[in-house]
Amino acid sequence: MMYRFGTFEFDDRTALLTRADRAVALEPQPARALALLVARAGDVVTRDELRAHLWGSDTHVDYDRGLAYSIGQLRAALGDTADNPRFVQTLPRRGFRFIAPVEVVANGEQATEAGSSASPPASASRRRWKIAAAALVAFSILGALGAWLIARDPRRGTASRPIIAVAVFENESGDPAYERAVAALSDAIVERLTALGPERVGINGNASILRRPRDARDTSAVAKETGATFLVAGMLQTKDGRLSLLMHLIRLDDGTHVWAQRIARPIGDRLDTLDGDVARQIEAAVREIVLRDGGTPHKRT
């Protein structure tokens, strides 16, 4: 089936996304997510439904991080944002909804009423298949070239863009009621930073070392295992009778903290809006310090 929304077209048979007849790079998992979202445009697609659609029941991966990565990649391809979405809306702790109007197209032309005998011009179908074939060839060549360069020199894969590792945030408040909310913060950050665009910054949130406690996580080991140049880490603590989330951006080559910030909440707060606040502040720090390289390190407590 072909779907049109905004200036985009998406063919769920070939997983090809185009904009004004130009192919838009989209990895297989984000493309599968898009296929489900546009097919159910306007409806809430739960996180569990997306997990089942992307991986099935026999695949064992870090689903939350994989899902955050896929949605982030999809938003990057669409030029969308989590804060002000035009296409993919996040419904915290529920799932996602495709909010743009979607036109369903059959075989290259607008879908007709059931029983209609209208048929599409052959030229439209041939044009889309040519685009699909060209895109597949181009993506295959680029993937092979990237693998060859990385195989020759593992550090060359990061030369043109920084890579940021995102560690699982830790609950040091002493209250287990906050475990789930704190653990979900890194997924929100991965999703937000991935949307900056894979050509600008690489995001690694899946390496096993990123799930270790901070006292068992050596920065040089993080750099070696993830290929990252920066690490995002954080922990929920209590400070001055309040909950205080401390966030860090660490340069891995020398272990220095180039940015740190706290977000305070009253004791007993449900932390419902914390993930959005954290993701926004860390994105701003990455834009200022990592991507633009124009910020000065600072720390506020």
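Which residues does leucine 249 touch, not counting residues up to four places away in sequence? In this predicted model, leucine 249 touches Phe230, Leu231, Val232, Thr256, His257, Val258, Trp259, Ala285, Ile289 and Val290. Leucine 249 itself is found in strand β14. With a relative accessible area of 1%, leucine 249 is buried, because buried means under 20%. One of the residues it touches is Val232, and the C-alpha atoms of leucine 249 and valine 232 are separated by 4.8 Å although the two are 17 residues apart along the chain.

A step back gives the wider setting. The protein has 301 residues, and 42% of them count as buried. Its secondary structure comes to 8 helices and 16 strands. Among contacts between residues at least 6 apart in sequence, 57% join residues at least 24 apart. The protein exposes about 15700 Å², and carbon and sulfur atoms supply 51% of that area.

In soluble globular proteins, nonpolar side chains tend to be buried together. Here, the largest nonpolar core has 32 residues. Those with the most contacts inside this core are Ile164, Phe169, Leu193, Val278 and Ile282. At least two residues of the core are supplied by each of β10 (163–166), α5 (179–183), α6 (185–194), β13 (230–239), β14 (242–251), β15 (256–266) and α8 (274–291). Helix α8 gives the largest share, 7 residues.

Helix α6 is worth a visit of its own. The buried residues of α6 include Leu185, Asp187, Glu191, Arg192 and Thr194. Threonine 194 lies in this helix and has 2% relative accessibility, so it counts as buried. Leaving aside neighbours within four places in sequence, threonine 194 is in contact with Tyr69, Gly72, Gln73, Ala76 and Ile203.

Loops can hold buried residues too, as alanine 167 shows. Alanine 167 lies in the loop between β10 and β11 (170–171), and it counts as buried because its relative accessibility is 0%. With neighbours within four places in sequence left aside, its contacts are Arg65, Ser186, Leu210, Arg217, Leu231, Val232 and Ala233. The C-alpha atoms of alanine 167 and valine 232 are separated by 6.1 Å, while the two residues are 65 apart along the chain.

The last stop is a pair of helices. Two packed helices are described by the angle between their axes and the distance between the axes. Helix α1 (residues 28–39) and helix α3 (residues 63–78) pack at an angle of about 80 degrees, with their axes 8 Å apart. An angle from 65 to 115 degrees counts as roughly perpendicular, and α1 and α3 are therefore roughly perpendicular to each other. On the α1 side, the contact is made by Gln29, Pro30, Leu34 and Leu37, and on the α3 side by Ser70, Ile71, Gln73 and Leu74. These residues divide into 5 nonpolar, 3 polar and no charged.

Conventions
Residues are numbered from 1 along each chain as its sequence is written. This is a predicted model: local features need pLDDT of at least 70, side-chain atom pairs count only at pLDDT 80 or more; totals for chains, interfaces and linings use all residues. Side-chain values use heavy atoms; hydrogens and water are left out. Axes are lines fitted to C-alpha atoms, for helices over the stretch in contact, and angles run from 0 to 180 degrees between N-to-C directions. Helices (H or I, at least four residues) and strands (E, at least two) are DSSP runs, numbered from the N terminus. Angles under 35 degrees count as roughly parallel, over 145 as roughly antiparallel, 65 to 115 as roughly perpendicular and the rest as oblique. Contact means heavy atoms within 4.5 Å. Ala, Val, Leu, Ile, Met, Phe, Trp, Tyr, Cys and Pro count as nonpolar, Asp, Glu, Lys and Arg as charged, and the others, Gly among them, as polar. Buried means under 20% relative accessible area, exposed over 50%, partly exposed in between (1.4 Å probe, protein chains only). Accessible areas come from the Shrake-Rupley method with a 1.4 Å probe; for residues, only the protein chains shown count as cover. A nonpolar core is a set of buried Ala, Val, Leu, Ile, Met, Phe, Trp, Tyr and Cys residues joined through side-chain atoms within 4.5 Å.
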